[in-house]
Amino acid sequence: MGRGFKLEDTRNIGIMAHIDAGKTTSTERILFYTGVTYKIGSVDEGTATMDWMEQERERGITITSAATTASWDRFGKKYRVNIIDTPGHVDFTVEVERSLRVLDGAVCVFDSVAGVQPQSETVWRQADKYRVPRICFVNKMDRMGADFDHVIRTIRARLGAHPVPLQFPLGREDNFIGVIDFIEQKVVVWLEETLGAKFEIFEVEKLWDKAFVDSRPDVAAALKGAAIDKKFYDDHRNKVIEYIAEHDDELIDKYLNGETLTIDEMRKSIRKSTLLLKIVPVLAGSAFKNKGIQPLLDAVVDYLPSPIDVPPVEGTNPETDEAELRRASDDQPFSALAFKIMSDPFVGHLTYIRVYSGVLKSGSYVLNSGKGTRERISRLLQMHANKREEIEDVYAGDICACVGLKSVNTGDTLCDEQKPIILESIDFPAPVISVAIEPKTKADQDKLGVAMQRLAQEDPTFRVSTEPDTGQTLISGMGELHLEIIVDRMLREYNVQANVGRPQVAYRETIRKKAVAEGKYIKQTGGKGQYGHCKIELHPIPSSSHESMKEMSTDDLDALAKEVVGGGSAGKWKFDKEHRFLFIDKIVGGSIPREFIAPIEAGIREALDNGILAGFPTVDVAVVLIDGSYHDVDSNEMAFKIAGSMAYKEACARAKAVLLEPIMKVEVVVPEEYMAAVFGDLNARRSAIQGTENRAGSNVIRVEVPLAQMFGYATDLRSRTQGRATFTMHFSHYAELPSALAEEVIKKHRGEK
């Protein structure tokens, strides 16, 4: 079929934000103005194209990321824009994580009244992690209390970013009619708020023309409402140009010499600095009122990267273990990352992939390099939310869905069979909440197993486990809403009737002091015996490292390993991201043969999953294997695996094990008259106040609260404030549970009275 768009004319972007900032509404307008849809969907009416799940339409929120493709004409040139609309609710943050992993750029949407909100911070940090260039869109400029400058200040203060406003809103609240473009020195005014609204563009100098302003009541009201005059405009524009020049070595000399910067020079400079993550362009609008979307699309193609603007993707050759690069080019060997799995009632198993290099044709075979399995691509689909269009081939830089892949999971690499490579996978946060679930009938029992298996394959933050003592099935996720949606999907999609228990906190265990122990597994039965023996040191990982360990580089981890062993050589080490577990091999002189080291580590890893206090997974520990012995005849892998587990459990018993509980960041927006009642309630929930501020007539309380204290908080808050307060909550970190409460949890999980 051939490539429809040049690689340099392709943009792969995500729309991300805090819940209710207007992501999906903005995406719906983008689809309309790019001609993808001819009737716009509404989130409030449950007709949004991108929110296609029944649960999304009922609740008015985005639950799963949805992909689509559009095209945009800029200066007579067509650009392809692949868009992923991501959820804003923290319970579905996995959708943002995996989308940002495969995208080249992002649009971060902010509420003009609230500015940076808790989930805005979370998605911003995720974009930082994957070094994704982004632009900001300050939405809802027509809202009461809209404050463009406040949003800029909060982006700078709370995100540590360098925002550059390329526009300034013309008017605010009811008087918001358009934007002033600082780069082109033009004004864009939308003449009506209906779909396909006409707009006019005129030179900014007209704003200072009294005759023109007097003839236009809308412009006069907007200028007055926003207190904009020529001095205000000149001062702001000069600051913007100075800021752009400051971040560009080529422009700064010209600017300091008093030379005028051309529009093309500024555009080129903004693009370069945006791609280098030095600055973040900021635009304004009101997506619901159909204002600001066209300039936003212009900015996407002007300032966000094409696949060839980002560094070549790096991977590992599974045959040589050496690093390899893949350039974004059709003539490179094929490589792609599977970033999303979905069950479709019509075509079955769908695997979403981002193609980094090469070409993939329908009907061809690929290698799943991580698993070493060969897979056939039976069909390729271009997705438009839940609608699909069959295509013959995909090229470097494309995003599509594949049908026919059997053993592929999220994060797996698909590549050319002759040129294997394993790309960096995707890290997912561990669940923080669990509920017990049991089927209502024997028929439901069989269906439940199938449903949970498929849902767990789709969602890497959804886990299924069995309580060892009671045999209960536990499902775990990122929050109450997450599990509520999972149970609802089981009922609707798989027809599983089930009873669900009360939410339970996903505690963790760790240690507070160093301990030394040995494990000996010796069994003589007359025939061939069993012999395994190892000696280990168990260390707590320094608390300063806990939350950042998943992002640590190899050099950082090597330094941490040296710190654990007290300096000098750290020996050979391995790091488990999920448990934040460091295993250090310091065996010298062959006291344990090399083939028995891995079984010892495996035994310790298994023991990590079931802590010694209450059976919760253990995190933030380092194990140093220092000595051991073996038997020429009786030693085998199983004996050393058991010995490793025994040594670890013995060391844990001496290392002052403690329970950790998940702490949530909570932001409550409450009217002044209810502040005292809300504060009192939060204090009773073991909260730690982080700060308060006044925002658009309401008070914002920021606190950290243990998750265990937050079950049912939505109902309590509504009743205390007559439904006038709102709150948002997302995971922050794990902290030690007070000893009295820890004893209660331990007794409960051990079945003691």
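How many helices and strands does the chain have? In this predicted model, the chain has 19 helices and 39 strands. Overall values for the chain are collected below.

| Property of the chain | Value |
|---|---|
| Residues counted as buried | 55% of 753 residues |
| Contacts joining residues at least 24 apart, among contacts between residues at least 6 apart in sequence | 70% |
| Accessible surface | about 32,100 Å² |
| Share of the accessible surface belonging to carbon and sulfur atoms | 49% |

Seven strands form an open sheet with mixed pairing, in the order 2-3-1-4-5-11-6. Strand 2 (66–74) and strand 6 (163–165) are at the edges; each has a single partner strand, so one side of each lacks a neighbour in the sheet. On average, neighbouring strands of this sheet are turned by 30 degrees against each other, direction ignored.

For A67, the bridge partner in strand 3 is I84.

**The pair of helices 3 and 4**

Helix 3 (residues 93–102) and helix 4 (residues 118–129) have axes that come within 9 Å and cross at roughly 25 degrees. Angles under 35 degrees count as roughly parallel, so helix 3 is roughly parallel to helix 4. The crossing of helix 3 past helix 4 is right-handed. On the side of helix 3, the contacts involve T93, V96, E97 and L100; these meet Q119, T122, V123, Q126, A127 and K129 in helix 4.

How values were computed. Residues are numbered from 1 along each chain as its sequence is written. This is a predicted model: local features need pLDDT of at least 70, side-chain atom pairs count only at pLDDT 80 or more; totals for chains, interfaces and linings use all residues. Side-chain values use heavy atoms; hydrogens and water are left out. Two strands pair if DSSP finds at least two bridges between them. Helices (H or I, at least four residues) and strands (E, at least two) are DSSP runs, numbered from the N terminus. Axes are lines fitted to C-alpha atoms, for helices over the stretch in contact, and angles run from 0 to 180 degrees between N-to-C directions. Buried means under 20% relative accessible area, exposed over 50%, partly exposed in between (1.4 Å probe, protein chains only). Contact means heavy atoms within 4.5 Å. Accessible areas come from the Shrake-Rupley method with a 1.4 Å probe; for residues, only the protein chains shown count as cover. Angles under 35 degrees count as roughly parallel, over 145 as roughly antiparallel, 65 to 115 as roughly perpendicular and the rest as oblique. A crossing is left-handed if the near helix is turned anticlockwise from the far one by less than a right angle, and right-handed if clockwise.
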